[in-house]
Amino acid sequence: MQHDPGRVTQPIDLLVRGGTVYTPTGHARADLAIHDEKIVGIGLADHLPAGRQTLDASGLAILPGIWHTHCHFREPGHTDKEDFASGTLAAAAGGVTFCLDQVNNSPHPTSLAAFQAKRELVAPKAHVDFGLYGGGLHPGEIGSIARAGAMAIKIFNTRHPKDAYPYIPELGVTDHGLMYEIFEAAAQAGVVVAVHHDDTDWTKRMVFREYIDTGRVDNQAYMEAYEKGYMYGHGMVAGLAASLYYARLAGVRLYVLHVGVMPVGAYELLRHAKRELGQTVYGEMELTAMLMDRAQAEKVGPFTYLWAHSPEAAWQAVADGIPDVLQLEHAPHTRAEVESGWQDNFSIPLGIAASRSSFRSC
Ligand SMILES: [Zn+2]
C-alpha cells in the first residue's frame with residue numbers, strides 16, 4: 001500500500017516501527033501508519049506522517065489479523081468453561097481479530113429466536129470481530145436464520161458412539177433425508193452449509209465391537225481406534241461421500257469440516273469434487289494434520305487433539321489447494337471433564353483450548 005500524503009492529516013494515531021511487514025506480495029522491513037483504525041501507509045518512517053503514538057516492533061513480524069474459523073465458545077449454557085468475553089480476549093492476545101463461533105451450546109441456535117437471543121447475549125462481550133453459525137436441524141428455520149445474519153449453517157452429521165458431549169444427540173443429523181432438506185433450504189437461502197461428517201452406525205459398530213464391548217477403553221486403546229480409522233476415521237469419509245453427492249444434487253455450497261483428521265481418502269473425494277466435477281466445495285483442515293504426531297499426542301493423552309494420519313499427504317493436499325482454510329479447533333473443557341480419559345477415553349469430550357494458541361503454535 002502506498003502512502004497518500006494528501007489524504008492523511010498529521011499526526012496520525014499510531015506509527016509501528018521496525019517490524020517486518022507481511023503483505024500478499026511478500027514481506028519486507030517497513031513501518032506502518034495507522035489512523036482511524038485503518039492502515040494508511042506502509043513504508044519507511046521518514047516518508048510517513050508522524051504518529052501521536054509510536055510502537056517499537058523491532059524484530060517482530062507484522063501480520064494481517066488472523067481469522068479463527070472454528071471457535072466453540074461456550075456461551076450460552078456452558079460458561080463454567082468459558083464465556084464469549086474470555087474466549088475472544090484470548091483470541092485477541094494470540095493475534096486473532098475475527099472468530100467464527102460454533103453451535104453446540106445450550107440453547108442451540110437452531111431456530112430464529114435462539115439465534116437472535118444468542119447474538120444479543122454475546123455481541124456486547126466480544127473483544128474481536130465475530131460471526132455466528134446457525135444450527136442446521138430444522139429445514140423450515142434455515143431461511144430465517146440465514147436472513148438474520150448467520151455466516152453459514154452447521155450440521156452435525158454425527159453422533160458420538162456413546163453420545164458423549166459435545167456430540168449432543170439432539171443436534172445430530174444422521175438421516176440423509178433430513179440433511180438433504182436442510183441442504184435444499186440452505187441452497188434457496190444462498191447460505192453455505194458446513195458439515196461435520198460421519199457414518200454413525202458404522203463407527204459405533206466398529207468401536208463397540210473392538211473396544212467398548214471388550215473393555216479396552218483407556219487412552220492407548222482410543223489412540224489405536226483413531227489410528228485404525230474407527231474414531232474420527234473412515235466413517236467420516238463415507239459420510240463425506242454421501243454429503244458431496246447430496247450437496248451437488250441440492251445445489252448447495254458445502255464447507256467440509258475436519259478434513260485434517262480424516263483418512264487421506266477424504267482428500268481424494270474433495271480433489272474429485274473440485275477438479276473433476278467443478279463442485280463448489282471448501283475444505284477446512286486442522287493444523288494438527290501437519291504438525292502433530294502420535295508421540296506428541298501420547299504425552300498429553302486425553303488432553304490432546306488428534307494427529308495426522310499422513311503429514312506428507314496433508315501437506316500435498318494444502319499445496320494442491322484441497323483445503324481452503326487452515327485452523328486449529330478451539331473447544332475447551334475443564335480438567336475434571338477430561339482427566340478420566342486416561343482410564344476411559346470413549347466417555348469424555350474431545351477438544352482443546354486453542355483460540356489463542358492456534359496461531360502462536362505454528
Ligand atoms: Zn468443532
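1. A word on the model before anything else. This is a predicted model, in which local features need pLDDT of at least 70 and side-chain atom pairs count only at pLDDT 80 or more, while totals for chains, interfaces and linings use all residues. Residue numbers start from 1 along each chain as its sequence is written.

2. Overall make-up. The protein has 13 helices and 13 strands; these are DSSP runs numbered from the N terminus, with helices being H or I of at least four residues and strands being E of at least two. Its C-alpha atoms fill a box of roughly 70 × 45 × 45 Å along the principal axes.

3. Of the 362 residues, 43% are buried. Buried here is 20 or more other C-beta atoms within 10 Å of the residue's own, exposed is 12 or fewer, and partly exposed is in between, with C-beta atoms placed from the backbone. Among contacts with a separation of 6 or more, 73% are between residues 24 or more positions apart; a contact is two C-beta atoms, placed from the backbone, within 7 Å.

4. H7 against H8. Helix H7 (residues 234–250) packs on helix H8 (residues 265–276) at about 15°, and the axes are 9 Å apart. Axes are lines fitted to C-alpha atoms, for helices over the stretch in contact, and angles between N-to-C directions run from 0 to 180 degrees. The two are therefore roughly parallel, going by cut-offs of under 35 degrees for roughly parallel, over 145 for roughly antiparallel, 65 to 115 for roughly perpendicular and oblique for the rest. On the H7 side, Met236, Val237, Leu240, Ala241 and Leu244 meet Gly265, Ala266, Leu269 and Ala273 of H8. That contact has eight nonpolar, one polar and no charged residues. For the classes, Ala, Val, Leu, Ile, Met, Phe, Trp, Tyr, Cys and Pro are nonpolar, Asp, Glu, Lys and Arg are charged, and the others, Gly among them, are polar.

5. H4 against H7. Helix H4 (residues 176–189) and H7 pack at about 40°, again with axes 9 Å apart. That makes H4 oblique to H7. From H4, His176, Met179, Tyr180, Phe183, Glu184 and Ala187 take part, and from H7, Ala242, Tyr246, Ala247 and Ala250. By class, the H4 contact with H7 splits into eight nonpolar, one polar and one charged.

6. Two cis prolines to look at. The Glu75 to Pro76 peptide bond is cis, with omega near 0°, and Pro76 sits in the loop between strand S6 (66–71) and helix H1 (84–93). Ser106 and Pro107 are also joined by a cis bond, omega about 0°; Pro107 is in the loop between strand S7 (96–101) and helix H2 (112–122).

7. Asp163 has a phi of about 55° and lies in the loop between strand S9 (152–156) and H4. Asp163 is partly exposed, with 13 other C-beta atoms within 10 Å. Tyr232 has a phi of about 50°, in the loop between helix H6 (219–227) and H7. Tyr232 counts as buried, with 21 C-beta neighbours inside 10 Å.
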